[in-house]
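This briefing covers a two-chain model, topic by topic. Please read it alongside the sequence and coordinates shown here.

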Amino acid sequence: MATAPLLEQPPTAVAEAPTVHPGKGILSHWRLYAAISPFYLLFLCFGLIPVGFSLYLSFHRWDGLGSMEWAGLSQYQYLLGDSDFWSSIGNTIIIWALATFPMIFLAMVTAVMLNSAVRFKNVYRFAYFLPNVTSIVAVAIIFGSVFSTNFGLMNALLQAVGLDQVAWLNTPWGIKVAIATLMTWQWTGYNAIIFLAGLQTVPTELYEAARVDGAGPVQTFFRITLPMLRPTLLFVLVVSTVTGLQSFAEPQVLLQTTANESTYSGGPDHAGRTMVLYFFQQTFDNNDFGYGAAVAWGIFLVVVLFSIINWRLVQRRGEE
Amino acid sequence: MASIKGSGRRGIALHTVLVIGLLLSAFPFYWAVIMSTHTSTEIFSYPPKLVPGSHFLENLRHLFDNIDFFGSMFNSLLVAVSVTVLVLFFDSLAAFVFAKFQFPGRRVLFALMMAIFMVPAQLAAIPQFVIMAKLGWIGTMTALIVPAAANAFGIFWMRQYMKSAIHDELMDASRLDGAGFMRQYWHVALPVVRPGLAFLGIFTFMGQWNDYAWPLIALTNPDNVTLQVALSQLNGTHGTTDYGMVMTGALLALVPLLIVFAIGARQIIGDLGKGAIR
């Protein structure tokens, strides 16, 4: 490899290939290995070993203090029959769906409008992105007051137009709608900017051709914009699936004022208890580290399965 | 061409809808300002207050009486700044290696890193807690800083950036001048990837500033926490939240973040889009 003296080659030929360090063997590259080692060392200590250990842990009973007891598959057996875990999956998916579909729709509409309205585009982009950079804790506190049962802004609005008040944070559906509204508010602008970037790659000739053929705006959207946006849509859907199914801070902060027993309980009737919230409750409230580890692997499986299903759905639609 | 699209009746309708969206985005911030300037009794009255009141200083005093606000803010700054500096250094150094050098195991190591990217946080959470308890880090900021000091996202991002930004001619010229690895990194690579570093730095700072789940577990001493955890404590667990006070805290906690975002907004919003469609 390093037999050809580099200096004899013309500079342009050298420039074609990535730089090769002269010298033989792995040891001669020690500087390169040293430069990438911090990441791998950190990953080893706080990633690989913990993940391996959590698999080991899920086959044991452990309270974090005493000695570990071998439990075989019993933690997973219990998990399969644990109605609390299944209901937390249900809660998570309902909240995810309530947040994601309106969010994707609104983000796409916003992106299409931003793509045609040229003036003040940067002002809009800045303002729409703002909700996403604020901390979930601050946002959840603000939304907690907006959805508060007595004297919350939402109920004041309902009262103003003559409708009955809703105990938002005390009813199963109210809780889910409040969490989903918060997520939609925080992520619509972010995804609109991603869709906008996708829209800007659509060649303008396509739109010209459609207009010449007499296509209206709706037809243009479904025949040109949507198909061209499919890769971006896939990205947005997968990212929202992976992050949305692991929601934790939103329900935790929003519902800790109405939670009676624990800050991880997910509000009245556990209606806002997501999968990750349930993991926290089992692990850090009950100190059931073995079962907590099994729950974590269960969540991982659900997220992977759901991501694959979403991926397939969007892909297959593309082939038709 | 550009001006035609944005004018006329259709343009007005478009901007009307966009402004409504803008108001919806901004309203919760305005609502927080209103609440932080009223007493709790004023907030809990009908009809709701829609203009700022005059009790901001009173709420501020309650806030400072109830939590060690500046202590928590110092902790948050310490964590966010330390992590940002470490991430910028370690990630760009590793990215430089992956982008511009050939060495045995390069492909395998890079693929491994991308796989790591996919592992969800809670899978490692319990053992991480146990390991850090053994190391004596639980309850200290070390537990937040060390595991975050390098990450796969940043290395991947900087590698993509460096591949196109650092020309091979430049690398060859510097090597012919006798520059070693570290000098190439410092004098050739870093100066040309400043915009990429700016994006990664702002992104990292904001992520660390807002981080909540892991600090909530790892910072077991309630008197020594980050700002987000302190705010969450204020929110109360028994339905007795003093909203005026909490809102004042939430707003103050936003200030450093908004400053950083305002500085880097153009960079972040522009690069986010590019990354997603790559």
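In this predicted model, the C-alpha centres of domain 1 and domain 2 of chain A are separated by 33 Å. The domain assignment places domain 1 at residues 20-76 and domain 2 at residues 79-319 of chain A.

**Domains of chain A**
- Contact between the two domains of chain A involves 11 residues of domain 1 and 11 residues of domain 2.
- On the domain 1 side of this contact, the elements giving two or more residues are α2, β2 (60-61) and α3 (74-81) of chain A.
- By class, that side of domain 1 of chain A has five polar, four nonpolar and two charged residues.

**Interface between chains A and B**
- Where the chains touch, 83 residues of chain A are in contact with 78 residues of chain B.
- Helix α2 (residues 30-57) of chain A supplies the largest share of the chain A side, with 16 residues.

**Nonpolar core**
- The largest nonpolar core has 152 residues, and the members that touch the most others are A:Ala140, B:Ala94, B:Leu231 and B:Ala250.
- Helix α8 (residues 172-199) of chain A gives this core its largest share, 16 residues.
- Leaving aside residues up to four places away in sequence, B:Ala250 touches A:Ala138, A:Ile141 and A:Ile142 from chain A, and B:Ala32 and B:Leu231 from chain B.

**An open helix in chain A**
- Helix α9 (residues 204-212) of chain A has nine residues, of which zero are buried, so the helix lies largely in the open.
- After α9 of chain A comes A:Gly214, which has a positive phi, near 85 degrees.

**Overall form of chain B**
- Chain B contains 15 helices and one strand.
- The radius of gyration of chain B is 24 Å, well over the 19 Å given by the globule rule for 278 residues, so chain B is more spread out than a compact globule.
- The C-alpha trace of chain B spans about 75 × 65 × 30 Å along its principal axes.
- Of the 278 residues in chain B, 40% are buried.
- Taking contacts in chain B between residues at least 6 apart in sequence, 74% join residues at least 24 apart.

**Annotated segments of chain B**
- An unreviewed UniProt entry lists "transmembrane region" for residues 12-33, 77-99, 108-131, 137-157, 185-206 and 243-265 of chain B.
- In the model, residues 77-99 of chain B are 100% helix and 0% strand, with the end C-alpha atoms 32 Å apart.
- Residues 137-157 of chain B are 48% helix and 0% strand, and their end C-alpha atoms are 30 Å apart.

**B:Arg9**
- B:Arg9 is found in helix α2 (residues 8-36) of chain B.
- Is B:Arg9 buried or exposed? B:Arg9 is exposed, because it has 7 other C-beta atoms within 10 Å, and a residue counts as exposed at 12 or fewer.
- B:Arg9 and B:Thr41 lie 32 residues apart in sequence, and the distance between their C-alpha atoms is 46 Å.

Terms used. Residues are numbered from 1 along each chain as its sequence is written. Chains are lettered from A and ligands numbered from 1 in the order in which they are written. This is a predicted model: local features need pLDDT of at least 70, side-chain atom pairs count only at pLDDT 80 or more; totals for chains, interfaces and linings use all residues. Two residues are in contact if their C-beta atoms, placed from the backbone, lie within 7 Å. Helices (H or I, at least four residues) and strands (E, at least two) are DSSP runs, numbered from the N terminus. UniProt positions are given in the numbering used here, feature names are shortened, and annotations may be inferred rather than shown by experiment. A residue is buried if 20 or more other C-beta atoms lie within 10 Å of its own, exposed if 12 or fewer, and partly exposed in between; C-beta atoms are placed from the backbone. A nonpolar core is a set of buried Ala, Val, Leu, Ile, Met, Phe, Trp, Tyr and Cys residues joined through C-beta atoms within 7 Å. Domain bounds come from an automatic or database domain assignment. Ala, Val, Leu, Ile, Met, Phe, Trp, Tyr, Cys and Pro count as nonpolar, Asp, Glu, Lys and Arg as charged, and the others, Gly among them, as polar. The radius of gyration is taken over C-alpha atoms; the globule rule is 2.2 Å times the number of residues to the power 0.38.
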